[in-house]
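Take a moment with the sequence and the model that follow. We will walk through them step by step.

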Amino acid sequence: MKQKLFTGNFTLLILGQISSLIGNYTLKFALSMHILEITGSASVFAGILSIAIVPTIFLSPFGGILADRAN
């Protein structure tokens, strides 16, 4: 029995995840731009943008491990 990977529900799931990621990164960038407008400091802008990315960098390996080991 051969099953298709890209069924309608799976395609909707992937499109939802893509739109969610785009929204998250747009929000991070927009908040950093707002901080830049308020403070006028490029270093504060870069710091806020870097701090927003740090959890993704450090937690991604643990998420990968969890995804591999969980059902």
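Begin with serine 32. Set aside its neighbours within four places in sequence, and serine 32 is in contact with Phe45, Ile48 and Leu49. This is a predicted model, so read every contact as part of a prediction. Serine 32 lies in helix α1. Is serine 32 buried or exposed? Its relative accessibility is 0%, and the cut-off for buried is under 20%, so serine 32 counts as buried.

Now look at the helix around this serine. Helix α1 covers residues 8-39. It has 32 residues. From its first C-alpha to its last, α1 reaches 47 Å. That is close to the 46 Å expected at 1.5 Å a residue. Just after α1 comes glycine 40, which takes a positive phi of about 75°. Helix α2 then covers residues 42-69.

One of the contacts of serine 32 deserves a visit of its own: Phe45. Phenylalanine 45 is found in helix α2. Which residues does phenylalanine 45 touch, leaving aside its neighbours within four places in sequence? They are Phe29, Ser32, Met33 and Leu36. Phenylalanine 45 has 17% relative accessibility, which is under the 20% cut-off, so it counts as buried. Phenylalanine 45 and lysine 28 are 17 residues apart in sequence. In space, they are 11 Å apart, C-alpha to C-alpha.

Return to Phe29, one of the contacts of phenylalanine 45. How many aromatic pairs does a search of the whole structure find? The search finds one. The rings of phenylalanine 29 and phenylalanine 45 have their centres 6.3 Å apart, with their planes at 80°. Planes over 60 degrees apart count as edge-to-face, so this pair is edge-to-face. The pair links distant parts of the chain. Phenylalanine 29 sits in helix α1 and phenylalanine 45 in helix α2, 16 residues apart.

Ile53, Val54, Ile57, Phe58, Leu59, Phe62 and Ile65 make a nonpolar surface patch of about 710 Å². Take one of its members, valine 54. Valine 54 is found in helix α2. Its relative accessible area is 33%, so valine 54 is partly exposed. In general, an α-helix has 3.6 residues a turn, so residues three or four places apart point the same way.

Notes. Residues are numbered from 1 along each chain as its sequence is written. This is a predicted model: local features need pLDDT of at least 70, side-chain atom pairs count only at pLDDT 80 or more; totals for chains, interfaces and linings use all residues. Side-chain values use heavy atoms; hydrogens and water are left out. Rings of Phe, Tyr and Trp (its six-membered ring) pair if their centres lie within 6.5 Å; planes under 30 degrees apart count as stacked, over 60 as edge-to-face and the rest as tilted. Helices (H or I, at least four residues) and strands (E, at least two) are DSSP runs, numbered from the N terminus. Buried means under 20% relative accessible area, exposed over 50%, partly exposed in between (1.4 Å probe, protein chains only). Contact means heavy atoms within 4.5 Å. The expected span of a helix is 1.5 Å times one less than its number of residues. Patches are made of residues with over 30% relative accessible area and no salt bridge: like charges are joined within 9 Å, nonpolar side chains (Val, Leu, Ile, Met, Phe, Trp, Tyr) within 5 Å. Accessible areas come from the Shrake-Rupley method with a 1.4 Å probe; for residues, only the protein chains shown count as cover. A salt bridge is a side-chain nitrogen of Lys or Arg within 4 Å of a carboxyl oxygen of Asp or Glu.
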